[in-house]
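Subject: the model, plus notes

Hi,

Here is the structure I promised to send over. Have a look at it first, and my notes follow below.

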Amino acid sequence: MNREGLVQDDHVSRDRDRTTTLHTLLHDSTARLAAAGLATPRLDAEVLLRHVLGIDRARLFLRLPEPAGEGVGEALDVLVGRRLAGEPVAYLTGTREVMGLPFHVDPDVLVPRPETELLVEWALEWLKPRERATVVDIGTGSGAIAIGLAALARADLALTIIATDISAAALSTARRNALQHDPLVRSRLSFVQGSLLQPIAGPVDLVLANLPYLTPAQIAENPDLDAEPSLALDGGGDGLDLVRLLIADLPRTLVAGGAARCAAGFELDPSQTDAVADLLRVTLPGARVRTIHDLAGLPRHIVAY
Ligand SMILES: C[S@@+](CC[C@H](N)C(=O)[O-])C[C@H]1O[C@@H](n2cnc3c(N)ncnc32)[C@H](O)[C@@H]1O
């Protein structure tokens, strides 16, 4: 395009920002996302518009009848285009809230899912009667589990949390997230690179893991996952390659003294929970094994304690 064309385009987009209301931008973006068959077009459009404007939900609603302002329509169009190309909203805004805590997310880490909150909730309950505990979070990604626990556990609990990941890039995102918290939370956390429990000498009271558990076929048939790192998704043949290896190493790392003193919890695909429960019964004889269902009523976590 020649310079004249660019100048004209610039005028057109400035005029649009002067005359178009935020309400119209929200409506048009929602329609574009809906036409592409996205599951939550209105929510996605609203979050992206709030991100462009840097305002919260209540303020957006107050400002909806106002003209968009310079550059807003253009910036929103770019983000909607990237969303249509498959990028998750959380990568576009760079943030996702989990357990009421803000996490920076980028394409080096899985976008934390709401069901992971339930595993953290269970761990907080398990920790309740204790005065001190050492916990490991295997495959920490953004740090959602480790940092969630560190931030939400009672202040008088002497808590040591070791968060591991095989990915150095993921660990640097997790460290960045930890830095947003106060000194007590930060002092509870350390980050170690390595595979599964290999960097952990033990003894550990509680092992938590949301490891990659999808099969290659599940990943291939879900284009929504294309933007997330395959290192965070691919669990090999039946999805349980890493979970099996981790469970086999639990007796080495969990504290001695029987099931009353230690525990392990896994996030899984609903189709895998029975197999993992059986595996834990064999590997940790005497442990109680329980299934936690997610908000959709699906078996999502297996805990042994
Ligand atoms: C499903 S993501 C979970 C991230 C985070 N825990 C959460 O719940 O949002 C799995 C994480 O495991 C890591 N990972 C993959 N293979 C691993 C291995 N062998 N040892 C340790 N971490 C691994 C990936 O890099 C990824 O960050």
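Before the details, one term: by salt bridge I mean a side-chain nitrogen of Lys or Arg within 4 Å of a carboxyl oxygen of Asp or Glu. This is a predicted model, so local features need pLDDT of at least 70 and side-chain atom pairs count only at pLDDT 80 or more, while totals for chains, interfaces and linings use all residues. Residues are numbered from 1 along each chain as its sequence is written, and side-chain values use heavy atoms, with hydrogens and water left out.

First, the overall picture. The protein chain has 14 helices and 9 strands; these are DSSP runs numbered from the N terminus, with helices being H or I over at least four residues and strands being E over at least two. Its C-alpha trace spans about 75 × 45 × 35 Å along the principal axes. Of the 305 residues, 48% are buried, where buried means under 20% relative accessible area, exposed over 50%, and partly exposed in between (1.4 Å probe, protein chains only). Taking contact as heavy atoms within 4.5 Å, 70% of the contacts with a separation of 6 or more join residues 24 or more positions apart.

On charges, I get 29 positive and 40 negative side chains, with the centres of the two sets 6 Å apart. Here Lys and Arg count as positive and Asp and Glu as negative, leaving out His and the chain ends, and each charge is placed at NZ of Lys, CZ of Arg, CG of Asp or CD of Glu.

Now to helix H3, residues 41-53. Buried residues of H3 are Pro41, Asp44, Ala45, Glu46, Leu48, Leu49 and Leu53. Their cover includes helices H2 (22-35), H4 (57-63), H5 (72-84) and H6 (89-93). Just after H3, Gly54 has a positive phi of about 70°.

Which residues does Glu46 link up with in a network of salt bridges? The network joins Glu46, Arg50 and Arg57. With Arg50, the closest N and O atoms are 3.7 Å apart, and since the two are 4 residues apart in H3, about one helical turn separates them. With Arg57, the closest N and O atoms are 2.6 Å apart. Glu46 is in H3 and Arg57 in H4, so this pair ties together parts 11 residues apart in sequence. As for accessibility, Glu46 is buried at 2% relative accessible area, whereas Arg50 is partly exposed at 25% and Arg57 is partly exposed at 47%.

The structure holds 14 salt bridges. Another one of them pairs Asp156 with Arg154, at 2.7 Å from N to O. Asp156 is exposed, with a relative accessible area of 57%, and Arg154 is partly exposed at 31%.

Last, a look at strand S5 (residues 189-193), which contains Ser190. Ser190 is partly exposed, at 32% relative accessible area. Leaving aside neighbours within four places in sequence, Ser190 is in contact with Ile161, Ile162 and Ala163. Thr160 is 30 residues from Ser190 in sequence, with their C-alpha atoms 8.0 Å apart.

Cheers
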